[in-house]
Amino acid sequence: MIPIANSYFDGAGLFILGLMHGGIDIQQSLELDPICCETLKNNFNHKIIQADIRDKTVLSQDKSDIIIGTYPCTKYSKIADIHGTRTGDDLFLHLFRHIAIRQPEVYVVENVPGMKKFPVVMEAMTSLPGYYMNIFCPVLATTWLPQKRDRLILIGTKRPISIHPPSNDHKRVLLSEIIESHPEMEIPNYVRSRLYGKYRDYPIISDPEDIYSVAPTCVAHYAKDRGTRLVKDKSHPFGLRPYTVREYARLQGVPDSFRFSGSDSDAYRQIGNGVPIPLGEWVGKEIHKYFNK
């Protein structure tokens, strides 16, 4: 059988695209951001609901075999410590509400490893009566892609099952394979300023000619500051430049046919908030096996 999922906090839909590649049918996406909703409509054919999950009753939505939740990670991440905002978030309660009322056969939660520092959140999402838990942390994007990105994956199932972690029996994509040749790009003045040490930190520089080189974590803030992550390119001033939108998307495993709505800044934000597509595919394949044993 092909299991059906309702998904929440979908952003641009990178995780659900991976799940679909893994054999899951997406019935519904719920997302608040209007630009993300346009991106979802550009690339998917299922129902897209633009709404705040806090305003949606559970029983007004169609049933599904699976509930997927990728609620925002901003207040669980390490960088939140810098700004004093590592406080957690109550949005998990609304995903918990949906799971507790609907009691799907399977539910999946994706977030940053920093969520483990919030025992109330972890208790809620891993202790629902009637579910067996598989917890994976950290899941490394470098298993598949040239990007350093660690994630937490929780999978709850009504029947006990041993879900296999991602395997390394495949060739990882190299940074050189995602870099565009001589892209036209206007480099903002603040990038030069950062290179000259006028900021508190220097850019993180990756080298496509080094087969071991990987990009740092794609972040949504790249939409506002493209000087934090640079790639070596001899055809550009200083021999360095920011990543193009397409390269940034490729770092998340996004196919070139995928269309992001809005400006380039909107695209960088959507990509930085996304989940690597191969990670979603791994989850999808494991869940598909669960339903077909």
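Colleague: Which residue in S4 is the bridge partner of serine 7?

Modeller: Serine 7 has isoleucine 68 as its bridge partner in S4. This is a predicted model, in which local features need pLDDT of at least 70 and side-chain atom pairs count only at pLDDT 80 or more, while totals for chains, interfaces and linings use all residues. Residues are numbered from 1 along each chain as its sequence is written, and side-chain values use heavy atoms, without hydrogens and water.

Colleague: In what sense do S4 and S5 pair?

Modeller: Strands are DSSP runs (E, at least two residues), numbered from the N terminus, and two of them pair if DSSP finds at least two bridges between them. S4 (residues 66-69) and S5 (residues 106-111) pair in the parallel sense over four bridges, with glycine 69 opposite valine 109. S1 (residues 4-8) and S4 also pair in the parallel sense over four bridges.

Colleague: Are the faces of S4 covered or open?

Modeller: Both are covered, with Ile66 and Ile68 buried on one side and Ile67 and Gly69 buried on the other. Buried means under 20% relative accessible area, exposed over 50%, partly exposed in between (1.4 Å probe, protein chains only).

Colleague: How many salt bridges are there?

Modeller: Side chains of opposite charge can pair when their charged atoms come close. With a side-chain nitrogen of Lys or Arg required within 4 Å of a carboxyl oxygen of Asp or Glu, the count is 18. Lysine 47 and aspartate 62 form one, their closest N and O atoms 3.7 Å apart. Lysine 47 lies in S3 (residues 47-50) and aspartate 62 in the loop between S3 and S4, so the pair ties together parts 15 residues apart in sequence.
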